[in-house]
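Me: Got a model here I'd like to talk through, helix by helix. Can you take a look?

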Amino acid sequence: MPTIQPIDILVVGAGPAGSRAAAAAAREGAAALLVDTKSRIGEQPHCGEYVPARLFAEANLDRSTAMQPVDYMETRVVGSRQPSLEVRSDSPGNDGCSKRTTEPDPTVKETLTVTTSSFPGFIIDRVRFDRDLARAAAAQGATVLCSTRLVRREHDAWILKSGKDEMTVTPRFVIAADGAASTVAALLGLAPPDYLRGVQAEVPLTRPLKGTLIFLDRDFVGGYGWLFPKGATANVGLGVAVAHDAHPGALLEELLGRLLQEGLISPGKLARSSGLIPVSGMRPELTRGNVILCGDAAGLTHPITGAGIPQAIFSGDLAGRYAVEALRKGNQQPLDEYGEEVRSWYGGVIGHAAAKRGVMMQLWRHEDFPRVCEETWIGFKGYKSRVSGGKRRSRG
Ligand SMILES: Cc1cc2nc3c(=O)[nH]c(=O)nc-3n(C[C@H](O)[C@H](O)[C@H](O)COP(=O)(O)OP(=O)(O)OC[C@H]3O[C@@H](n4cnc5c(N)ncnc54)[C@H](O)[C@@H]3O)c2cc1C
């Protein structure tokens with residue numbers, strides 16, 4: 001185990017949140033240590049790899065990790081049509097929404113509703129994306145250690161493990177950027193959130209696609225399926241609520257079978273991955289003592305879409321900056337300001353999504369599933385309707 005100089009800030013987790021936090025802290029002159037349990041940072045990403053187009057400019061990121069642009073999101077509500085169920089289509093307004101219906105056949109799953117909305121973004125190479133961010137942190141002067149896991153805490157001491165070796169560090173501040181199943185949050189005694197289990201395969205496409213496809217299917221309880229194109233291949237995946245004991249692997253095979261039959265994809269898989277997506281919304285506590293939570297560890301993932309890369313990046317930036325301010329001031333007051341700033345950025349948009357999720361889960365088994373989707377999925381106009389107590393803000 002290498003000898004570590006005394007450190008100011010320990011950053012746990014070198015995903016987008018942690019690497020940006022460590023870079024921000026080191027840039028301001030703090031001695032920052034960034035650790036990740038992975039042997040190669042960025043490897044085995046569990047991610048659809050979609051980011052909004054504006055992210056590169058807003059976060060000052062190199063565009064070379066973008067594999068392909070996408071313009072739109074086609075949302076398909078999928079199911080077995082009930083004889084009594086009227087087919088719905090999102091009415092085509094002047095915003096590019098389209099309309100299509102299919103012949104009824106109650107024995108097979110079919111598309112009940114389709115709507116298309118503008119969804120400018122990029123499908124990125126997430127391995128390179130995460131590794132580039134960790135390299136940027138190192139370039140700013142942070143010490144980056146792979147194969148190093150936070151295992152426990154003993155009062156002010158945090159115990160890291162690499163292989164059989166243990167190392168104790170006593171940082172002034174700790175940034176929890178260790179993702180959905182945060183060890184730091186568990187060590188602080190914070191309750192785990194509700195999760196979706198996401199499973200995904202990279203598969204060959206039969207033709208290039210310029211947009212993303214979303215599949216809303218009653219069998220994908222509390223979640224949805226996706227196809228995100230990246231040149232000659234696509235990430236096809238789905239998320240289902242862990243609490244509902246679904247079998248995401250089997251559901252993914254079924255989805256892949258339908259896409260194969262439709263002629264969108266070719267047989268074979270280039271990669272498989274799975275991971276947890278926290279969907280309870282922002283944690284009530286974003287800091288505790290000398291610890292700051294950011295990214296997925298802070299519950300900043302969108303409770304309906306599961307997207308969390310932009311929030312991880314921006315909250316990581318803020319966590320690093322406020323930790324340094326706290327170091328300079330010699331007190332923890334800047335940590336409260338961190339919480340307030342994150343809430344002012346994301347409280348509205350995540351709060352609204354969490355409220356919509358509550359409605360969605362309550363109505364999941366409602367006979368008119370397309371109607372439920374129209375009220376709760378971001379591709380439909382009904383998503384914007386207010387749920388009592390829900391507030392909305394920008395920057396999601
Ligand atoms: C299947 C799936 C698809 C997704 N698709 C998208 C998408 O298309 N677009 C989008 O915006 N978001 C997507 N997300 C969500 C997105 O991946 C996360 O929101 C994002 O990665 C959060 O970044 P983070 O830095 O907070 O955490 P992470 O990226 O999860 O990074 C946390 C890091 O902490 C490390 N770590 C964990 N515990 C420890 C420990 N004890 N000690 C040391 N290191 C530790 C992990 O190895 C990991 O590298 C998806 C998630 C899943 C599961």
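Here are some questions and answers about a few helices in this predicted model.

Me: What distance apart are the end C-alpha atoms of α1?
Reply: Helix α1 covers residues 16–27, 12 residues in total. At 1.5 Å a residue, that should span 16 Å. The model agrees, with the end C-alpha atoms 16 Å apart.

Me: How many of the 12 residues of α1 are buried?
Reply: Buried here means under 20% relative accessible area. P16, G18, S19 and R20 are among the residues of α1 that pass. The helix is largely enclosed by the rest of the structure, because the count of buried residues is 11 of the 12.

Me: How are α6 and α7 oriented, roughly parallel or roughly antiparallel?
Reply: α6 packs against α7 (residues 333–363) at about 160°, with the axes 8 Å apart. Angles over 145 degrees count as roughly antiparallel. So α6 is, relative to α7, roughly antiparallel.

Me: How many residues of the contact of α6 with α7 are nonpolar?
Reply: On the α6 side the contact includes F314, L318 and Y322, and on the α7 side L335, V342 and W345. Two residues of the contact are polar and four charged. The nonpolar ones number 12.

Technical notes. Residues numbered from 1 in each chain as written. Predicted model: local features only at pLDDT ≥ 70, side-chain atom pairs only at ≥ 80, totals over all residues. Heavy atoms only, no water. Helix = DSSP H or I, 4+ residues; strand = E, 2+ residues; numbered from the N terminus. Expected span 1.5 Å × (residues − 1). Buried < 20%, exposed > 50% of the residue type's maximum accessible area, 1.4 Å probe, protein only. Axes fitted to C-alpha atoms, helices over the stretch in contact; angles between N-to-C directions. Parallel < 35°, antiparallel > 145°, perpendicular 65-115°, else oblique. Contact = heavy atoms within 4.5 Å. Nonpolar A, V, L, I, M, F, W, Y, C, P; charged D, E, K, R; others polar.
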